[in-house]
Amino acid sequence: MPPPARPLRRDAERNRRLLLATAADLMAHHGLDVSYEDIAHAAGTGTGTVYRRFPDRDDLVDALFSEHVEAVCAMAEDAARDEDAWRGLTGFLERQLEREAANRALGQILRGQRGPRAIAHRAHERMTPLVTDLIARAVRDGQLPAGVVPADLVAVHVMVGGVLDASATTAPDLWRRALAIALAGLQHADLPGPAPGGDVVEHLYSHHHQ
């Protein structure tokens, strides 16, 4: 007599949750290049099981990080409600980078280095108008020089993110100093040349994507 279906479904779901939790932990520490073999070994299962549960790697990444990306989008929405635009803007950048420092894979996704483009694109579509409004308010209130545009904030994010990645194991809080320097420079910058357009934002976030 074949075993009842319901316990099998429970076992399958339990295995799926184990694989997701294992993959999430490994990717948070080591980034999105973690292999299915590494996930299987850490979970104590066969590599074939991982491939059967998640034949499309992008589906696995989406399942693991959609909630994290949503949380960052919510931070941008909170920042947009701050009466002080500069405080909202700088607070948002700091909180976002804090999350990236705690989760290497999330940083790779949000800075366009790895992972499915779709999840990062959705996040940027939501955050860009909010950041644009914060910048416009900060310029109006004299907190930023005229001519600052979203691409300038993206440049700050990418530059500080580079410091974060490079110093993660040797000086894990160095990115905070780099952020303070970058933001102070932006506040007092004599900006050369024409303001970069929206296409530059997409290029900056996809330049290192593989």
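Author: Buried means under 20% relative accessible area, exposed over 50%, partly exposed in between (1.4 Å probe, protein chains only). This is a predicted model: local features need pLDDT of at least 70, side-chain atom pairs count only at pLDDT 80 or more, and totals for chains, interfaces and linings use all residues. Residues are numbered from 1 along each chain as its sequence is written, and side-chain values use heavy atoms, with hydrogens and water left out.

Reader: How many residues has helix 8, and how far does it reach?

Author: Helix 8 covers residues 150-167, which is 18 residues. From first C-alpha to last it reaches 26 Å, close to the 26 Å expected at 1.5 Å a residue. The expected span is 1.5 Å times one less than the number of residues.

Reader: What about the whole chain? How many helices and strands?

Author: Ten helices and zero strands. Helices (H or I, at least four residues) and strands (E, at least two) are DSSP runs, numbered from the N terminus. Of the 210 residues in the protein chain, 41% are buried.

Reader: On to helix 5. Which residues are buried there?

Author: Ala85, Trp86, Gly88, Leu89, Thr90, Phe92, Leu93, Gln96, Leu97 and Glu100.

Reader: What covers them?

Author: The cover includes helix 4 (57-80), helix 6 (104-110), helix 7 (117-140), helix 8 and helix 9 (174-187).

Reader: What caps the N-terminal end of helix 5?

Author: Asp84 does. One of its side-chain oxygens lies 3.1 Å from the backbone nitrogen of Trp86.

Reader: And how do helix 5 and helix 7 pack?

Author: At an angle of about 140°, with axes 8 Å apart. Axes are lines fitted to C-alpha atoms, for helices over the stretch in contact, and angles run from 0 to 180 degrees between N-to-C directions. The two helices are therefore oblique to each other. Under 35 degrees counts as roughly parallel, over 145 as roughly antiparallel, 65 to 115 as roughly perpendicular and the rest as oblique.

Reader: Which residues meet there?

Author: Ala85, Trp86, Gly88, Leu89 and Phe92 in helix 5 meet Met127, Val131, Leu134, Ile135, Arg137 and Ala138 in helix 7.

Reader: Last one. Is Asn103 buried or exposed?

Author: Buried, with a relative accessible area of 9%. Asn103 sits in the loop between helix 5 and helix 6. Not counting residues up to four places away in sequence, Asn103 touches Met27, Ala28, Phe65 and His68. Contact means heavy atoms within 4.5 Å.

Conventions. A polar contact is a pair of N or O atoms within 3.5 Å; within protein, one must be able to donate a hydrogen and the other to accept it, and residues adjacent in sequence count only if both atoms are side-chain atoms.
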